[in-house]
Each structure stands twice: as structure tokens, then as C-alpha cells.
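These are my notebook entries on a single chain. I recorded what I looked up, entry by entry.

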Amino acid sequence: MKTGIVALVGRPNSGKSTLLNHLLESEISIVTPKAQTTRDQIRGIFQDERGQVVFVDTPGIHRADDGGINAYMVQEARRALDAPDAVFYLIDPKSQEKAEEILLPFLQGANAPVYVLINKADLKLYSSDWLKQWCDRLRESIRKSVKVHTISAKHGTGVDDVINDLFTVLPEGEPFFGTNDEISDRPVRFFVSELVRKQLFLHLGDELPYSCAVEIDSFKENEKPVRISAWIYVERESQKGMVIGAGAKKIKSIGIDARKEIEALVGS
């Protein structure tokens with residue numbers, strides 16, 4: 001049996017969460033069209049007859065001022081690179097070398113093989129000279145091996161080849177988690193709060209969702225129907241009305257759409 005920990009890193013909206021969801025065939029990491037949706041480390045457990053891989057999804061790495069939520073998210077990404085067995089570094093081909101340079105010190109400090117995954121193969125955007133130059137630069141500056149794959153995290157193109165390659169470098173060992181149907185070490189409450197937060201991103205303006213947090217107050221699994229109470233926190237008093245909306249229509253639509261996904265999650 002092979003086992004290992006793989007850190008998923010990259011710029012915001014490079015496709016890390018989409019790749020994790022594809023691998024686990026379940027949306028455990030919320031995905032929205034807005035950048036920096038992922039806020040915390042999320043560990044997903046992939047297993048088959050070859051062994052078990054714990055993938056650690058991380059917030060997108062970006063330049064952030066000291067303090068505040070942005071600095072916290074970058075620190076979460078840095079912690080995931082403390083001791084992985086491999087690093088999956090995802091690149092959006094529409095990015096640029098200058099934007100990707102912020103990843104270089106993270107990758108150099110990982111002390112693990114780096115898989116450069118050029119994402120969004122379905123968009124056919126791979127004629128850019130900067131990608132080849134950037135990959136050559138990574139090979140020269142990272143002390144561990146660097147392998148380049150072209151994939152589509154959304155459609156799964158090329159992903160099997162990456163996983164097959166990964167199992168050739170992972171060490172032998174006992175599974176970190178039980179070999180049942182577990183797909184994450186996070187409790188159901190966490191995923192419920194994330195599904196509510198997803199709807200905040202989808203229903204609110206560009207900036208407001210980044211000022212919001214969700215906490216599950218109570219989760220009564222034995223009641224029919226399951227009853228969940230959640231708090232939505234905002235930074236300022238003036239933001240409450242924006243979340244609630246005129247005649248409470250906004251908060252109602254957030255609740256309706258969140259419940260649809262939560263019902264699919266809890267099966268009730």
C-alpha cells in the first residue's frame with residue numbers, strides 16, 4: 001500500500017478545489033466563479049486498491065497585507081507545505097509569469113516533488129510562451145523533481161495520468177484514515193457551513209461575501225426533517241441589511257438554495 005499527503009497550491013481560481021472535487025467525486029470544497037472562495041485547509045481522502053492519498057486543498061496564494069483574513073488564508077496555504085509527500089501546483093494558462101512568481105518561495109521550501117498541472121486543457125490556451133519559460137525556470141530553481149502535466153480539473157482530462165504518476169513516487173505505509181467511505185476528516189457541520197457560505201458568494205455582491213462568516217449553532221440530526229440553525233456574521237452593522245435584503249427576500253433565497261445542497265449532503 002502506498003500512502004501520502006499531497007498539497008494543492010496555486011493562485012486564486014486556478015482550479016484546486018475543482019480538482020479535489022473531481023478526484024473524490026463529491027463537492028467537499030466549494031467552488032464559485034469568484035476568486036479566493038476557499039478560506040481554510042480542506043483535506044480530502046482518496047483511496048483505491050493502490051493506497052490512500054490525503055489531498056490538502058488550500059486558499060489561493062496571493063499578495064496580502066499583514067493581519068486580516070487574506071493574510072490568514074496565505075498562512076493556511078504555507079502550512080500545507082510543511083511536510084507533504086508531493087505538491088500539485090495548478091496554473092491557469094490565462095495567468096502570467098509575473099503573477100505566478102509569488103508561488104516560487106513556497107515551492108522551493110516544500111522539499112517534495114512538484115507536479116505542475118497546467119489546468120483548463122479544454123480551453124486550448126497553451127500556445128503562450130510564458131508557460132514553457134516558467135516551467136523551465138521552476139526546474140532550475142526547485143531542488144526536487146518537477147513534472148509537467150496538462151489537465152482539465154473540470155472534465156478530468158489527464159487527471160488519471162497524474163494520479164498514476166503520483167503513486168510511483170509515494171512511499172509505502174499504512175493508511176492515515178480508515179479505508180471505509182470517508183472522504184474527509186472534517187465533520188458534517190463544517191460542510192454545512194461551507195454550503196451556506198457558498199450561497200453568500202453566489203447571491204451577494206463582489207466584496208460582501210469576503211466579509212462574511214458562517215457558524216452552525218445547532219444541528220439536530222435525529223429530527224425529521226433535520227433541523228439546522230446557522231449564524232451569518234458580517235463585519236459592519238450596515239452589511240446586515242444587504243444580506244437580509246428588502247422584505248427579507250435575499251436571506252430567504254440564500255436559505256432555499258443552501259437547503260437544496262445541504263439536503264443532498266445529509267441525505268434527508
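I began with the contacts, where contact means heavy atoms within 4.5 Å. Of the contacts in the chain with a separation of 6 or more, 70% are between residues 24 or more positions apart.

I noted the basis of the values next. The model is predicted, so local features need pLDDT of at least 70 and side-chain atom pairs count only at pLDDT 80 or more, while totals for chains, interfaces and linings use all residues. Residues are numbered from 1 along each chain as its sequence is written, and side-chain values use heavy atoms, with hydrogens and water left out.

**Overall content.** I found 9 helices and 8 strands in the chain; helices (H or I, at least four residues) and strands (E, at least two) are DSSP runs, numbered from the N terminus. Of the 268 residues, 46% are buried, where buried means under 20% relative accessible area, with a 1.4 Å probe and protein chains only. The accessible surface comes to about 13,600 Å², and carbon and sulfur atoms hold 48% of it; the areas come from the Shrake-Rupley method with a 1.4 Å probe.

**Strand β1.** I looked up how β1 is covered and found 7 of its 9 residues buried. I then checked its pairing, which requires that DSSP finds at least two bridges between two strands. β1 runs parallel to β3, with 7 bridges, and parallel to β4, with 5 bridges. Ala7 has Val56 as its bridge partner in β3, and Ala7 stands opposite Val87 in β4.

**Nonpolar cores.** I took a nonpolar core as a set of buried Ala, Val, Leu, Ile, Met, Phe, Trp, Tyr and Cys residues joined through side-chain atoms within 4.5 Å. The largest has 26 residues, and Leu19, Phe55, Phe88, Ile163 and Leu166 have the most contacts inside it. Among the elements that give two or more residues to this core are β1 (2-10), β3 (51-57), β4 (86-91) and α6 (159-169). The largest share, 5 residues, comes from α6. Apart from this core I recorded another, of 21 residues, including Ile91, Val114, Val116 and Trp130.

**Phe55.** I listed its neighbours, leaving out residues up to four places away in sequence: among them are Val6, Leu8, Phe46, Phe88, Ile163 and Leu166.

**Cysteines.** I searched the whole structure for disulfides, pairs of cysteine sulfur atoms within 2.5 Å, and the count was 0. Cys135 counts as buried because its relative accessibility is 5%. Cys212 also counts as buried, at 1% relative accessibility.

How values were computed:
Buried means under 20% relative accessible area, exposed over 50%, partly exposed in between (1.4 Å probe, protein chains only).
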